[in-house]
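Q: Hi! Could you walk me through this structure while I have it open?

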Amino acid sequence: MGFLIRLAITAVALWITTLIVPGVDVHGRSGGNTALTLIVVALIFGVINAVLKPLIKVVGCVFYLLTLGLFALVVNALLFLLTDRIARGLDLPFQVDGFWAAFWGAIVMTVVTWLISVIVPDNLDRR
C-alpha cells in the first residue's frame with residue numbers, strides 16, 4: 001500500500017510541476033490519458049531515482065562534498081532529463097525542454113513531494 005501512495009504522491013507532484021514550471025509539459029488527449037501518463041512517468045522517475053541515484057551518490061561523493069551538496073541539484077536535473085528521454089522512448093506525451101526546465105522541475109518536484117508526504121503519510125496500513 002505504501003508503494004501506491006508514494007506513486008500517487010509523485011504523480012500529483014509531477015502534475016503540479018507541469019503547472020508551475022515552463023518547459024515541463026504533459027500533453028494527454030484527455031484527462032484520463034494525462035493522468036495515466038503522469039502515473040507512468042512517476043513510476044519511471046521513481047525507478048530511476050531508486051536505481052541510479054544511490055550509485056551516483058557513491059561515485060560522485062567527492063563532488064557532493066566539494067560543492068556542499070549543491071551537486072545534488074545538477075544530479076536531480078539530469079535524472080529528470082533521463083526520465084524525459086525514457087518517456088519519449090515509450091512514446092508518452094511528456095516533455096522537458098532542456099536543462100533549466102529539468103533543473104527547476106526537479107526542485108519543484110522535490111519540494112511538492114515533500115509537502116504532500118508531510119500531509120499524507122505512506123504508512124497508513126501500519127499500526
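A: Happy to, starting with a definition: helices (H or I, at least four residues) and strands (E, at least two) are DSSP runs, numbered from the N terminus. This is a predicted model, where local features need pLDDT of at least 70, side-chain atom pairs count only at pLDDT 80 or more, and totals for chains, interfaces and linings use all residues. Residues are numbered from 1 along each chain as its sequence is written, and side-chain values use heavy atoms, with hydrogens and water left out.

Q: Thanks. Which residues does UniProt list for "transmembrane region"?

A: The unreviewed UniProt entry gives residues 33-52, 59-81 and 101-120. Those positions are in the numbering used here, feature names are shortened, and annotations may be inferred rather than shown by experiment.

Q: What do residues 59-81 look like in the model?

A: That span is 78% helix and 0% strand, and its end C-alpha atoms lie 19 Å apart. Residues 33-52, by contrast, are 100% helix and 0% strand, with end C-alpha atoms 28 Å apart.

Q: Switching to helix α1, what span should its 19 residues have?

A: The expected span is 1.5 Å times one less than the number of residues. For helix α1 (residues 2-20) that should be 27 Å, and its end C-alpha atoms are 27 Å apart, which agrees.

Q: And which residues of α1 are buried?

A: They are Gly2, Ile5, Leu7, Ile9, Thr10, Ala11, Ala13, Leu14, Thr17 and Thr18. Buried means under 20% relative accessible area, exposed over 50% and partly exposed in between (1.4 Å probe, protein chains only). The buried residues of α1 pack against β1 (24-26), α2 (31-59), α4 (71-89), β2 (94-96) and α5 (99-119).

Q: Let's zoom in on Thr17. What does Thr17 touch?

A: Leaving out residues up to four places away in sequence, Thr17 touches Val24, Phe80, Gly105, Val108 and Met109. Contact here means heavy atoms within 4.5 Å. Thr17 has a relative accessible area of 0%, so it counts as buried.

Q: New topic: which residues make the nonpolar surface patch?

A: Phe3, Leu4, Leu43, Val47, Val51 and Leu55 make a patch of about 560 Å². The elements that give two or more residues to the nonpolar patch are α1 and α2, and the largest share, four residues, comes from α2. Patches are made of residues with over 30% relative accessible area and no salt bridge; like charges are joined within 9 Å, and nonpolar side chains (Val, Leu, Ile, Met, Phe, Trp, Tyr) within 5 Å. Accessible areas come from the Shrake-Rupley method with a 1.4 Å probe, and for residues only the protein chains shown count as cover.

Q: Is Val47 buried, exposed or partly exposed?

A: Val47 is partly exposed, because its relative accessible area is 47%. Val47 is found in helix α2.

Q: How many salt bridges does the structure hold?

A: The structure holds one: the side chains of Asp84 and Arg88 meet at 3.1 Å, N to O. A salt bridge is a side-chain nitrogen of Lys or Arg within 4 Å of a carboxyl oxygen of Asp or Glu.

Q: How are Asp84 and Arg88 placed in helix α4?

A: They are four residues apart, so about one helical turn separates them. Asp84 counts as buried at 2% relative accessibility, whereas Arg88 is partly exposed at 44%.

Q: Last one: what about the phi of Asp91?

A: Asp91 has a positive phi of about 60 degrees although it is not a glycine. Most residues other than glycine have a negative phi. Asp91 lies in the loop between α4 and β2 and is exposed, with a relative accessible area of 68%.
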